[in-house]
Amino acid sequence: MSLLHLFHWYDHTALAAVMRKSTWAFAVVEMIHLIGLALLGGAVLIVNLRLFGVILRERPADRIARDLLPLLVASMAVLTVTGILMVSEETMKCYHSTAFRLKLLLFVPALLLSLGTHRKLTRSGGPPHSGRAMKLAAGLSLVLWLGVGVAGRAIGYL
Amino acid sequence: MSLSLFEFCQWLNDTGPATALRESTIVFPIVESIHTLAITLVVGTVAMVDLRLLGIVLKKEPVSKVAGQILPLTWVGFGVMLVSGLMLFAAEAEKCYHNPAFRLKLILLALAGLNPLVFHFTIFRSVDRWDEAPRTPGRARLAAVLSLTLWSGIIVAGRAIAYFK
């Protein structure tokens, strides 16, 4: 099944019909999506700024990363569920939207980089990583997540 | 001559820069996007401090360190949020005046601002005694729950402004 078929199928589900019919369903889901975004943004920002050596420098980076992982995963789950629900209201518009495509293209590497960094940090158990590679990954991660946010907002405009 | 709040909004709404911003199909969305991202920064960072107070994240880091190093980021976000917010308000001042969601948002913002002020001058004074505690005193946790509730409310009310037109 191609991606286009998938979107067509989703567009014709009962869920999509309910979302389109209700005035407030989309609004409520979008609000929850935004709160989830703030929580994800906070967790991602703290971990990456720590890796960058901007904040909490004296505290172990692996512990901070490990401690914020549940929040990252939980907010990611909320964002995914609400995101999929939001797509149902305007499935075909999303399929053709440049901003939506860009958001997904940025989202995949952003998530992989965040999880990869986390793995590297918590698996080694050695001294805190503050090498150049870690800093580069942290900076790139922040830029990618920012891009996800900007592209996400742009879906409503384009 | 005294000016009512509504007359002020009408005046502001009709000023040159406000009109230009309202009618711009490029600048308005950019300012709106910056505003949304700034709120995300504010709420994201405030939430991390609140969740620390509640003992949900960063339990092993001292409260004073977490608050002291994360809240400056909040202030950066707050500055951007305020400037972009004032711009958006000016562009749609007349509409905002009548908008129930906008009014609610302002009330919630005032309360969200008052909360850390009270917190800072009361419970936070004794932070030395519970700085390292995973679970902070009841009043600190209450302030955290209030903060999370108010800021979530601000996001909800802020988003709702667009639905009341």
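Which residues does A:Thr122 touch, not counting residues up to four places away in sequence? Before the answer, a word on the model. This is a predicted model, in which local features need pLDDT of at least 70, side-chain atom pairs count only at pLDDT 80 or more, and totals for chains, interfaces and linings use all residues. Residues are numbered from 1 along each chain as its sequence is written, while chains are lettered from A and ligands numbered from 1 in the order in which they are written.

A:Thr122 touches A:Asp62, A:Ala65 and A:Arg66. Two residues are in contact if their C-beta atoms, placed from the backbone, lie within 7 Å. Take A:Ala65 from that list. A:Thr122 and A:Ala65 are 57 residues apart in sequence, yet 7.5 Å apart in space, C-alpha to C-alpha. A:Thr122 sits in helix α6 of chain A, residues 98–124. Helices (H or I, at least four residues) and strands (E, at least two) are DSSP runs, numbered from the N terminus.

In chain A, the loop between α3 (23–52) and α4 (61–89) holds A:Leu56. This leucine has a positive phi of about 50°, although it is not a glycine. A:Leu56 is buried, because 22 other C-beta atoms lie within 10 Å. Chain B has a loop between α3 (27–53) and α4 (63–91), and B:Leu58 is found there. Phi of B:Leu58 is also positive, near 50°, in a residue other than glycine. B:Leu58 counts as buried because it has 25 C-beta neighbours inside 10 Å.

Step back to chain B as a whole. It has 8 helices and 0 strands. Its C-alpha atoms fill a box of roughly 55 × 35 × 25 Å, taken along the principal axes. Of its 165 residues, 35% count as buried. Consider the contacts in chain B between residues at least 6 apart in sequence: 81% of them join residues at least 24 apart.

Finish with one helix pair across the two chains. Helix α7 of chain A (residues 132–155) and α3(B) pack at an angle of about 135°, with their axes 10 Å apart. Axes are lines fitted to C-alpha atoms, for helices over the stretch in contact, and angles run from 0 to 180 degrees between N-to-C directions. The two helices are therefore oblique to each other. Angles under 35 degrees count as roughly parallel, over 145 as roughly antiparallel, 65 to 115 as roughly perpendicular and the rest as oblique. From α7(A), the contact uses A:Gly149, A:Val150 and A:Arg153. From α3(B), it uses B:Ser33, B:Thr36, B:Leu37 and B:Thr40.

Conventions
A residue is buried if 20 or more other C-beta atoms lie within 10 Å of its own, exposed if 12 or fewer, and partly exposed in between; C-beta atoms are placed from the backbone.
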